[in-house]
Amino acid sequence: MNLSYLLDPAHWDLADGSIPRLILSHLWYVLLALLIGTAIALPVGLWIGHTGRGSFLAINAGNAGRSLPTLGLLMLMVTLLGLGLAPVLIALTVLVIPPVLTSAYAGIRTLDHRVVDAAKGVGMRPWQVLTKVELPMALPVLMSGFRSATLQVVATATVAAAVGLNGLGRLLIDGLAVNDYSRVLAGAIVVAVLAVVLDLVFALAQRWVVSPGLTERSSK
Amino acid sequence: MITFDDVVKVYPGGGTAVDHLSLELPTGRTTVLVGPSGCGKTTSLRMINRMISPTSGRVLIDGQDVAGEDEALLRRRIGYVIQHAGLFPHRTVLDNVATVPMLLGRTRRQARTDALGLLERVGLSADFAKRYPAQLSGGQQQRVGVARALAADPPIMVMDEPFSAVDPIVREGLHREFLRLQQDLGKTIAMVTHDIDEAIKLGDVVAIFRQGGVLAQVGTPRELLEQPADEFVAEFVGRDRGLRSLSFDTAAGLPVRPVSEAPDLLLDDAGRPAGWRTGGGAAGTFTSADSLRLVTDLTITSPAGMAVRVGPDGKAEGVVSHHDIADHLVRRRETK
Amino acid sequence: MITYLSNNGDAVLAALRQHIALALIPVLIGFVLALPIGYLGVRFPWLYHPLVNTCGMLYSIPSLALFVFLPVLLGTKILSPLNIVVALTIYTVALLARTVADGLKSVDPLVVQSATAMGYRRLRRLTDVELPVALPVILAGLRVATVANISLVSVGALIGVGGLGQLFTRGFQLFYVEPILVGIILSVLLAAAADLVIVLLGRLVTPWTRFQGAAS
């Protein structure tokens with residue numbers, strides 16, 4: 001296993017194309033797509049879950065999203081709209097929407113309806129029921145959807161290098177192009193670590209934002 | 001006969017569940033283990049089919065230590081019924097009942113034929129055979145559970161709160177059928193319940209446990225009600241144990257007054273009670289075979305304060321008031 | 001699109017065939033491997049959390065990274081289809097081992113208890129009672145794994161082996177939308193068809209689920 005590219009300090013400065021810069025650009029794509037996608041999908045999912053209207057859409061969005069080939073979507077957008085950040089971002093955002101939408105819907109739908117009844121019964125207004133009861137209780141499911149969206153986007157952002165963008169995929173694509181396996185290996189390791197760490201961060205965040213009353217921990 | 005011989009069960013870090021239990025469960029009889037939660041009754045029960053092993057002491061079936069037997073083979077000859085029945089959701093009612101016979105190597109065909117007969121035995125028609133447990137009510141599931149436990153005709157039945165998951169009316173029906181079945185089959189039954197009324201109703205022998213896995217008293221229901229060994233047992237069998245012990249006496253020895261002493265009683269042409277002049281509805285009637293408890297109850301609910309004894313032909317033979325019952329009980333105590 | 005298909009029918013068909021093989025062989029292998037692994041996570045409770053965490057970690061590794069990393073690990077050629085098969089098998093196992101464990105854990109303890117009390121030995125109890133009862137949960141996981149695999153195969157086109165993914169790279173290089181659209185549509189249809197097959201098979205082997213939640 002040739003780790004020379006990964007371990008070479010020259011690749012860890014802040015010059016263009018260095019590993020830290022690629023990590024930053026990778027995270028930038030991921031963050032943008034997550035923000036835009038969540039801003040679209042979360043309200044829609046919550047609304048469908050709260051009102052029950054459009055359930056069919058919400059249930060099937062998750063399945064349909066999973067079956068979309070990410071590479072095809074990416075290349076379609078770029079072929080249609082030209083090179084650049086925007087088409088890639090559209091593709092990534094399209095991947096964020098289904099899991100967030102479905103989990104927001106499912107999080108609210110699978111709530112114990114007696115709790116929601118109780119919330120109405122003590123005199124909460126619909127908005128209060130949503131923000132004070134339904135949303136906090138739906139968080140565990142919602143977060144798991146958000147995490148799977150994150151994984152999907154991190155992986156697809158890697159592929160974005162194939163359509164000319166930066167991000168850690170550069171190391172893989174360029175390395176393959178010039179048969180520099182040390183570089184390919186460096187890219188694979190860094191992006192895998194990034195994905196695992198990111199998932200871990202969100203797992204910890206989930207622990208922090210979800211009420212202990214809703215997790216197994218509280219029963220111990 | 002099932003014998004507990006100085007059995008102790010200590011859970012690591014969890015204290016003593018069963019404390020030096022010695023108890024005999026007679027063959028062909030129903031023995032009910034009853035007590036508050038945490039009294040070790042279920043733990044004791046589950047040691048019979050080795051779902052739990054004792055820390056020390058022995059559990060014997062007809063003199064054979066169960067610890068020396070193959071677990072699976074032992075369990076196949078002990079019927080097991082639990083709360084909510086524990087039916088296999090992926091199998092039809094018929095195949096649920098056929099489970100143990102199939103494990104014992106009988107052919108599927110034979111096992112299913114036998115199972116059909118058993119369903120009828122527990123009061124379910126053949127229509128139920130092809131259904132899945134999710135399609136049954138709680139009471140029906142419990143019946144299937146009993147049929148499944150009976151399928152291999154085991155000499156011993158172990159029942160863990162078998163009737164506590166169904167509503168009181170359904171439970172009442174299951175109790176009646178249980179007593180009827182047991183009269184036919186004469187199995188050696190060990191049953192656990194937390195309901196003392198159920199224990200008294202179903203048990204030939206009742207063993208009352210107290211917290212910490214100690215056996216407080218064992219005896220027939222009547223013994224427990226009339227001579228509780230201590231405060232705990234007296235409290236557990238209930239404040240109304242005097243009234244309840246009347247269930248064990250029939251009205252055969254209860255003297256009645258002539259019908260003429262009840263001018264308000266209406267009789268039809270054949271001399272059968274038809275009601276009371278003062279209030280609507282049927283007259284409360286009993287026969288000599290009914291319990292004193294029933295008669296007492298009738299005198300309380302009757303608008304005339306009297307119950308009417310009828311003969312086999314349904315004709316009124318005499319009447320009693322609650323004063324008469326009280327006098328009868330006083331006389332009975334004096335002669336004892 | 002019709003003209004594209006009629007001119008390139010053979011190539012598209014070959015790509016589709018390769019896509020099916022690359023996606024479904026890992027599902028089969030992964031399913032067979034996940035059963036015992038998932039079972040271990042239930043049989044030995046202390047194994048459950050390490051198992052779930054490892055599965056989660058493996059599943060979070062981006063596919064392209066795994067595709068290019070495996071040749072280093074396995075000594076295979078970078079263009080070998082084996083890399084794709086092994087990578088997707090890893091994903092399938094990561095997803096299904098957890099599902100199998102969760103499915104087995106979801107079996108009502110009373111059902112397991114009554115099976116034990118009726119004289120089932122451990123192995124037969126597993127095959128006759130626990131696995132069948134857990135099957136609906138396991139099949140739901142199998143659907144997810146199958147659909148995910150079908151969409152992931154195309155990423156392999158970046159290293160030269162990717163079934164319908166080759167239509168994407170070809171279209172992209174020529175800046176030509178038709179093959180990309182054909183690839184996406186076929187890939188989605190394939191996923192939907194595979195999903196449907198599993199659902200129908202599932203109904204066939206778990207007839208009792210239709211009644212659950214119906215009666216009390």
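**Close-up views of a predicted three-chain model**

Two pairs of chains are in contact, and chains A and C share the most contacts of the two. Two residues are in contact if their C-beta atoms, placed from the backbone, lie within 7 Å. This is a predicted model: local features need pLDDT of at least 70, side-chain atom pairs count only at pLDDT 80 or more, and totals for chains, interfaces and linings use all residues. Residues are numbered from 1 along each chain as its sequence is written, while chains are lettered from A and ligands numbered from 1 in the order in which they are written.

**View 1. Chains A and B do not touch.** No contact joins chain A and chain B. Their closest C-alpha atoms lie 16 Å apart.

**View 2. Six strands of chain B form an open sheet.** The order is S6-S7-S8-S3-S9-S10, with mixed pairing. S6 (78-82) and S10 (214-219) of chain B are the edge strands, each pairing on one side only. Strands (E, at least two residues) and helices (H or I, at least four) are DSSP runs, numbered from the N terminus. Two strands pair if DSSP finds at least two bridges between them. S6(B) pairs with S7(B) (156-160) in the parallel sense, over five bridges. In S7(B), Asp160(B) is the bridge partner of Ile82(B).

**View 3. Helix H1 of chain B packs on this sheet.** H1(B) spans residues 41-48. It touches S3, S6, S7, S8 and S9 of chain B. Its direction makes about 150 degrees with that of S8(B). Axes are lines fitted to C-alpha atoms, for helices over the stretch in contact, and angles run from 0 to 180 degrees between N-to-C directions.

**View 4. Chain B also has an open sheet of three strands.** The order is S13-S14-S15, and the pairing is mixed. S13 (285-286) and S15 (316-321) of chain B each have a single partner strand, so one side of each is left without a neighbour in the sheet. S13(B) and S14(B) (306-310) pair in the parallel sense over two bridges. Phe286(B) stands opposite Arg309(B) in S14(B). Helix H12(B) (292-301) lies across S13, S14 and S15 of chain B, at about 130 degrees to S14(B).

**View 5. Two helices of chain A pack together.** H2(A) (19-51) and H7(A) (126-159) pack at about 145 degrees, with their axes 10 Å apart. Residues of H2(A) including Tyr29(A), Ala33(A) and Leu46(A) meet residues of H7(A) including Leu130(A), Ala149(A) and Val153(A).
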